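Here is a short report on one chain.

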Amino acid sequence: MTLPENPDSGPGREEPKPAPETPGFAGLAEDYASKAGLHRTHDGRIDVLKSAGGYQGIAESILPGLVFLIAFTATTALTPSLIAALGTAAVFTVVRLVQRRPLTQALAGVVGVGISAWLANTTGKAEDFYLPGFLTNSAYIVAMVISIAVRWPIAGLLFGFIRNEGLDWRKDPARVRAYRLGTWIIVGVLALRLLVQVPLYLMGPDGLAALATTRLIMGAPLYILGVWIAWLVTRPAATPDGQPSKPSSSS
């Protein structure tokens, strides 16, 4: 973040020594927004596709589960199917190594698929391959609901820095309400996943094909749609000159 130049500075003036930077909540929020993988376009809008990891990132999130479904449907053999899914996730890591791209997303995928495969192999239930996803999904819901309750809605922390609002949006009750609504939209997407998929999981082997299919459909595609809608409903109101309004700073 670039600080404005001091208008009182100039030749012959003694420059005050900058105070040592102390990472506050604003810095933590900005760092969180960056690590969340959100990106913006050149004109300041959210780049939803890039934020989802691009086409390669979407493939990394979809293909291991799809390979597991196809392999298990064809063979009804759990262990080979799990190995195939884990191998698919590992291939993406190798691809990123060759491309010399960051490994974070691919490694996270390998770890996630590895945990899912270990659990399913331990219990002997193919449907348990999808259980860790439910737990992760629930944890996100809890975190987002808490953020709304304490008036630090996660949508504001993420979108605020993309829009160059920083944390100034917290000074405007209308912006806080907008970002609370945006966060509720994302919570709704996550809750919808659970409402649809958990009953299929509880059906056991009879619901496995439907569970795997809905998991694919309600994964990256639904995430992209939810984030995009949340972005739209949290847009600042336009000023008479057509530019987005900025939260007023309290003196």
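## Overall fold

How many helices and how many strands are there in the chain? The model is predicted. It has 10 helices and zero strands. Along the sequence the pattern reads α-α-α-α-α-α-α-α-α-α.

## Burial, contacts and surface

The chain has 251 residues, and 37% of them are buried. Take the contacts in the chain with a separation of 6 or more: 64% of these join residues 24 or more positions apart.

The accessible surface of the chain is about 14,900 Å². Carbon and sulfur atoms contribute 65% of that surface.

## The α8–α10 pair

Helix α8 spans residues 173-202, and helix α10 spans residues 220-233. Their axes come within 8 Å. They cross at roughly 165°. Angles over 145 degrees count as roughly antiparallel, so α8 is roughly antiparallel to α10. The crossing of the two helices is right-handed.

Which residues of α8 and α10 make the contact? From α8 come Ala178, Leu181, Gly182, Ile185, Ile186, Val189, Leu192 and Arg193. From α10 come Leu222, Tyr223, Gly226, Ile229, Ala230 and Val233.

How do the residues of the contact of α8 with α10 divide into nonpolar, polar and charged? The contact holds 11 nonpolar residues, two polar and one charged. Gly counts as polar here. Gly182 of α8 and Gly226 of α10 are both part of the contact. Arg counts as charged, and Arg193 of α8 takes part in the contact.

Technical notes. Residues are numbered from 1 along each chain as its sequence is written. This is a predicted model: local features need pLDDT of at least 70, side-chain atom pairs count only at pLDDT 80 or more; totals for chains, interfaces and linings use all residues. Side-chain values use heavy atoms; hydrogens and water are left out. Axes are lines fitted to C-alpha atoms, for helices over the stretch in contact, and angles run from 0 to 180 degrees between N-to-C directions. Helices (H or I, at least four residues) and strands (E, at least two) are DSSP runs, numbered from the N terminus. Angles under 35 degrees count as roughly parallel, over 145 as roughly antiparallel, 65 to 115 as roughly perpendicular and the rest as oblique. A crossing is left-handed if the near helix is turned anticlockwise from the far one by less than a right angle, and right-handed if clockwise. Contact means heavy atoms within 4.5 Å. Buried means under 20% relative accessible area, exposed over 50%, partly exposed in between (1.4 Å probe, protein chains only). Accessible areas come from the Shrake-Rupley method with a 1.4 Å probe; for residues, only the protein chains shown count as cover.
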